[in-house]
Amino acid sequence: MTTAVQARTVGFRPGERNVFFHILTTCNLRCRHCYINPIEHGTCTLPLETVTKWLALFSRPDAEDEQITNLILLGGEPTMHPDLAEIIRAAKGMGFSVTVDSNGYLFHDLLHKVSPQELDYLSFSLDGPEAAVNDPIRGPGSFEVCTANIRRAVAAGFNTSLIYTVSALNIKHLARMPALVQELGVQRFFIQVIGLRGKSAKDTVAPGQSWQVRPEEWFSVVPQVAADAAHRGIHVTYPKVYLNREDSFECAGLVAENYFIFPNGRVYQCPLCEDYPIHSYTIENDQLVHRQGLNEGRFFPLHIPEGCIMNRLLQPDNISYAEDGSPLHRISCCLLKEEVLPVKD
Ligand code: SF4
Ligand code: SF4
């Protein structure tokens, strides 16, 4: 495997807005690491009319060219929403760049309800290069269904991406993913890191064993896999996680525009906060209302040697300390990405 390509940190871009819209929380799967938390996020399926009104709160009809607004439609499983195709068309009409993040089941015949021109990216989640790795995490039969539907989507001309959530359960299988992504014809590969939210915050991989990946494992595996994928012509993105000495720390909550919307009207700016009622905004009567009092925004300006304050508070297992008590690595904002562009060999 080659490592001759350089990852580039994708800094937070002024003017860019990312809207992660959970249009329902229902799902046909029961993934072991699912971060959806119905008590905190609600259980309703938002009607088309409500989705359209809420989308309008985040659209920018008068945006300049450089002001991209990315919309990621999520669930639960978003293709279980009976009106997803209409939602995609409504969002395109408002100027969003639209991605659908699916577990691969593609309910309601989505590939025939929208055209490749109407959807910017169709993203699939897969957590192993074979059923023996993926299915114990995501559910029996899910590997076969997901890969079959990826092939159908690629054949129909959709832009596709694949998300692999790295955890202690599957990091040793990540190296086999680039060959599969290439063989499936998928253009973009997102390596995600497990966040301790929802189910994975409560359960362990095995008694006494955390879901989280140790820094040395991350460094020895992820950059090399990304380089391999790039040499296969695939665009790769993965979280920065550990800052180098020369990197400056930035909290997206202060310098970027990210909104994580849930069916109960909660709107967060930081995904790590989603298990707690400390959201920045609520949508009330179809209006976006900033919440006063203790909300996540109070944490964003706090400077600590470990980098991200919410990581330190909620999932500190990924921080190691030197003998003098100083952290060996600062943890970046979970939204900061490294990008490796496809290499033409
Ligand atoms: S597919 Fe997504 S929403 Fe459904 S159980 Fe898995 S992680 Fe949760
Ligand atoms: S993950 Fe950390 S750095 Fe990023 S928005 Fe949340 S609190 Fe800020």
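In helix 5 (residues 131–138), four residues are buried: Val133, Asn134, Ile137 and Arg138. A buried residue has 20 or more other C-beta atoms within 10 Å of its own; 12 or fewer make a residue exposed, and counts in between make it partly exposed, with C-beta atoms placed from the backbone. The four cover an arc of only 95 degrees around the axis, which puts them on the same side of helix 5. The arc is that of the directions from the helix axis to the C-beta atoms. Helices (H or I, at least four residues) and strands (E, at least two) are DSSP runs, numbered from the N terminus. The cover over the buried residues of helix 5 includes helix 6 (142–155).

The model is predicted: local features need pLDDT of at least 70, side-chain atom pairs count only at pLDDT 80 or more, and totals for chains, interfaces and linings use all residues. Residues are numbered from 1 along each chain as its sequence is written, while chains are lettered from A and ligands numbered from 1 in the order in which they are written.

The protein has 11 helices and 15 strands. Its radius of gyration is 19 Å, close to the 20 Å that the globule rule gives for 345 residues, so the protein is as compact as a globular protein of that length. The radius is taken over C-alpha atoms, and the rule is 2.2 Å times the number of residues to the power 0.38. Along the principal axes, the C-alpha atoms fill a box of roughly 55 × 50 × 45 Å. Of the 345 residues, 40% count as buried. Among contacts with a separation of 6 or more, 72% join residues 24 or more positions apart. Two residues are in contact if their C-beta atoms, placed from the backbone, lie within 7 Å.

Helix 3 (residues 84–93) buries Leu84, Ile87, Ile88 and Ala91. These span an arc of only 100 degrees around the axis, which puts them on the same side of helix 3. Their cover includes helix 2, strand 3 (69–74), strand 4 (97–102) and helix 4 (110–113). Gly95 follows helix 3 and has a positive phi, near 95 degrees. Leu55 sits in helix 2 (residues 48–58). Leu55 is buried, with 21 other C-beta atoms within 10 Å. Beyond its neighbours within four places in sequence, Leu55 contacts Ala90, Ala91 and Met94. Leu55 and Phe260 are 205 residues apart in sequence, yet 12 Å apart in space, C-alpha to C-alpha.

In helix 7 (residues 177–184), Met177, Pro178 and Val181 are buried. Seen down the axis, the buried residues of helix 7 fall within an arc of 100 degrees, so they line one face of the helix. Strand 6 (160–166), strand 7 (188–193) and helix 9 are included in what covers them. Leu162 belongs to strand 6. Leu162 is buried, with 23 other C-beta atoms within 10 Å. Leaving out residues up to four places away in sequence, Leu162 touches Phe124, Leu126, Val181, Val186, Phe189 and Phe190.

In soluble globular proteins, nonpolar side chains tend to be buried together. The largest nonpolar core here holds 76 residues, of which Leu73, Phe189, Ile191, Ala226, Ala229 and Val236 touch the most other members. Helix 9 (residues 215–231) gives the most to this core, with seven residues. Such a core is a set of buried Ala, Val, Leu, Ile, Met, Phe, Trp, Tyr and Cys residues joined through C-beta atoms within 7 Å. Ala226 touches Ala7, Ile191, Val236, Tyr238 and Val340, residues up to four places away in sequence not being counted.

Two ligand shells were examined. A residue counts as near a molecule or strand if its C-beta atom, placed from the backbone, lies within 6 Å of it. Around ligand 1 lie Cys27, Leu29, Arg30, Cys31, Cys34, Ile36, Gly75, Gly76, Glu77 and Asn103. By class, this shell has five nonpolar, three polar and two charged residues. Ala, Val, Leu, Ile, Met, Phe, Trp, Tyr, Cys and Pro count as nonpolar, Asp, Glu, Lys and Arg as charged, and the others, Gly among them, as polar. Ligand 2 has 14 residues around it, with Cys251, Cys270, Cys308, Met310 and Cys333 coming nearest. Helix 10 (252–255) and helix 11 (309–314) are the elements that give two or more residues to this shell. Helix 11 provides the largest share, three residues. The shell around ligand 2 divides into 12 nonpolar, two polar and no charged residues.
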